[in-house]
Amino acid sequence: YKQPKTEWMTKAWEDKQAICKLVEWSKTEGIGLIVIKPQNEIYPEMFYFVFSPETADINKPVEIALVKNKQWIIGWKSDLKEIDDTIGIIANEVKMEGMSETVNLFDCLVRANTILLFHYTTPDGRNETKRFPLAGFCENYLMQFAK
C-alpha cells in the first residue's frame with residue numbers, strides 16, 4: 001500500500017472561503033474534498049468531492065463507504081457529474097443504503113475520525129478502491145478559523 005500525498009489549501013474571496021483537502025496517488029490521479037462556506041461561519045453552503053478526469057469514469061457510479069477500524073459503518077452510491085473542469089459528487093445530502101431519509105454528509109464526516117473508501121471504475125475500465133483519510137478532518141477544518 002502506497003501512502004498518498006495529502007495537502008490542505010484554503011482560499012478566500014469577497015465573503016466566501018473555500019477549504020480543500022487533496023489526496024493524490026499520482027500526478028494525474030486524485031480526489032479532493034472541497035468545502036465552500038461564508039467567511040465567518042463554520043457550516044458550508046457547498047460540499048463536494050472532485051475527481052481528476054483520469055481517475056474515474058463519469059458514466060459509472062461511485063460506491064462510497066465510511067470505514068472505522070477496518071469496520072464498514074455506512075455506505076452509498078453516487079453518480080459523478082461534471083463540475084466546472086472536473087468531475088465530482090455534490091454531497092451536501094446523501095441517501096444511505098437501507099435508509100429512507102437523507103443524511104447530511106458533512107455532519108457525518110466532521111464527527112467521524114475515520115476513512116472514506118471510494119470504489120470506482122477508471123476510464124480504461126479497471127475497478128479501483130482508494131482510501132481517503134478523514135482522520136483529523138474536524139481538527140484541520142476547524143483550524144481554518146483559528147487565524
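Q: In which sense do strand 1 and strand 2 pair, and over how many bridges?

A: Please note that this is a predicted model. In general, strands of a sheet pair through backbone hydrogen bonds, either parallel or antiparallel. Here strand 1 and strand 2 (residues 16-24) pair in the antiparallel sense, over 9 bridges. An individual bridge can be read as well: tryptophan 13 has lysine 16 in strand 2 as its bridge partner.

Q: What is the order of the strands in the open sheet, and which are the edge strands?

A: The open sheet has 6 strands in the order 1-2-3-4-8-7, with antiparallel pairing. Its edge strands are strand 1 (5-13) and strand 7 (81-83), each of which pairs on one side only. On average, neighbouring strands of this sheet are turned by 30 degrees against each other, direction ignored.

Q: How many aromatic pairs does a search of the whole structure find?

A: The search finds 6 aromatic pairs. One of them is formed by phenylalanine 51 and phenylalanine 118, whose ring centres are 5.5 Å apart with 85 degrees between the planes. Planes over 60 degrees apart count as edge-to-face, and this pair is therefore edge-to-face. The pair links distant parts of the chain: phenylalanine 51 lies in strand 4 (residues 46-51) and phenylalanine 118 in strand 11 (residues 115-121), 67 residues apart.

Q: Are phenylalanine 51 and phenylalanine 118 buried or exposed?

A: The general idea is that a relative accessible area under 20% counts as buried. Phenylalanine 51 is buried because its value is 1%, and phenylalanine 118, at 0%, is buried also.

Q: With which phenylalanine does phenylalanine 118 form a pair of 6.1 Å centre to centre?

A: That partner is phenylalanine 132, and the pair is edge-to-face, with 80 degrees between the planes. This pair too links distant parts of the chain, namely phenylalanine 118 in strand 11 and phenylalanine 132 in strand 12 (residues 127-133), 14 residues apart. Phenylalanine 132 counts as buried, at 0% relative accessibility. Ring pairs join Phe47, Phe49, Phe51, Phe118, Tyr120 and Phe132 into a cluster.

Q: Where is threonine 121 found, and which side chain does its own side chain join in a polar contact?

A: Threonine 121 is found in strand 11. Its side chain and that of asparagine 127 are joined by a polar contact of 3.4 Å. Threonine 121 is buried, with a relative accessible area of 13%. Leaving aside neighbours within four places in sequence, threonine 121 is in contact with Thr55, Ala56, Asp57, Lys60, Arg126 and Asn127.

Conventions: Residues are numbered from 1 along each chain as its sequence is written. This is a predicted model: local features need pLDDT of at least 70, side-chain atom pairs count only at pLDDT 80 or more; totals for chains, interfaces and linings use all residues. Side-chain values use heavy atoms; hydrogens and water are left out. Rings of Phe, Tyr and Trp (its six-membered ring) pair if their centres lie within 6.5 Å; planes under 30 degrees apart count as stacked, over 60 as edge-to-face and the rest as tilted. Helices (H or I, at least four residues) and strands (E, at least two) are DSSP runs, numbered from the N terminus. Buried means under 20% relative accessible area, exposed over 50%, partly exposed in between (1.4 Å probe, protein chains only). A polar contact is a pair of N or O atoms within 3.5 Å; within protein, one must be able to donate a hydrogen and the other to accept it, and residues adjacent in sequence count only if both atoms are side-chain atoms. Contact means heavy atoms within 4.5 Å. Two strands pair if DSSP finds at least two bridges between them. Axes are lines fitted to C-alpha atoms, for helices over the stretch in contact, and angles run from 0 to 180 degrees between N-to-C directions.
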